[in-house]
Amino acid sequence: PIRGIDWVDLHTFLTYACLGGSLLGINELKMTHVLTGQVTNVRDRKEEEAPIESVQVSNLKQFFLVFIKDRPLELWDVSSLSLLREIRIEPRITAVSWSPAHGQKPTGSASSKDAKATMRKENFVITDSAGLLRQNQIDSSGSCREVSSISI
């Protein structure tokens, strides 16, 4: 069964499911376009792992995060459906959320060639099992860096 849904835009959403047991199974991550019915497999890993706990699309719909307990956090590009990087945090990540957007998404009809150039920086926060909250920033190249941290 589907464990979660997150909307990418008005006509497209991501769903995730885990086939197998409740502790380990094969995760499925799919993008569905509701007007055409097209379903695209996003994540093609076939090894057993803990179920996906959450998938969260960024506020500006440029990126999404895949959170699986005891695994690196996965940062994906929405437009290319490509894994940009795996983010390892020690101790264990306990929660993740996108920060409110800085600025606004550009409007107009930019070509796909110009789309990457018009991307904005986005931020997300992670909490870990030691009680640290870390703010991370992603730039248009998909580069991710920690910009601040506080104990909570």
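**Stop 1**

Select Arg 71 and Glu 49: their side chains meet in a salt bridge, 3.3 Å from N to O. A salt bridge here is a side-chain nitrogen of Lys or Arg within 4 Å of a carboxyl oxygen of Asp or Glu. The pair links distant parts of the chain, with Arg 71 in the loop between E6 and strand E7 (73–77) and Glu 49 in the loop between strand E4 (39–43) and E5, 22 residues apart. Strands (E, at least two residues) are DSSP runs, numbered from the N terminus. Arg 71 is partly exposed at 26% relative accessible area, whereas Glu 49 is buried at 3%. Buried means under 20% relative accessible area, exposed over 50% and partly exposed in between, with a 1.4 Å probe and protein chains only.

This is a predicted model, in which local features need pLDDT of at least 70 and side-chain atom pairs count only at pLDDT 80 or more, while totals for chains, interfaces and linings use all residues. Residues are numbered from 1 along each chain as its sequence is written, and side-chain values use heavy atoms, with hydrogens and water left out.

**Stop 2: two further salt bridges**

Next, select Arg 92 and Asp 70, whose side chains form a salt bridge at 3.9 Å, N to O. Arg 92 lies in the loop between E8 and E9 and Asp 70 in the loop between E6 and E7, so this pair ties together parts 22 residues apart in sequence. Asp 70 is exposed, at 58%.

Move to Arg 134 and Glu 146, where the closest N and O atoms of the salt bridge are 3.4 Å apart. Arg 134 is in strand E11 (residues 132–138) and Glu 146 in strand E12 (residues 144–151). The salt-bridge count comes to nine.

**Stop 3: the open sheet**

Show strands E5 to E8 as a cartoon: four strands form an open antiparallel sheet in the order E5-E6-E7-E8. Strands pair if DSSP finds at least two bridges between them. E5 (52–57) and E8 (82–87) stand at the edges with a single partner strand each, so one side of each has no neighbour in the sheet. Five bridges join E5 to E6 (residues 63–68); Val 66 in E6 is the bridge partner of Val 55.

**Stop 4: an aromatic pair**

Finally, select Trp 7 and Phe 13. Their ring centres are 5.0 Å apart and their planes at 65 degrees, so the pair is edge-to-face. Rings of Phe, Tyr and Trp (its six-membered ring) pair if their centres lie within 6.5 Å; planes under 30 degrees apart count as stacked, over 60 as edge-to-face and the rest as tilted. Trp 7 is partly exposed at 42%, whereas Phe 13 is buried at 15%.
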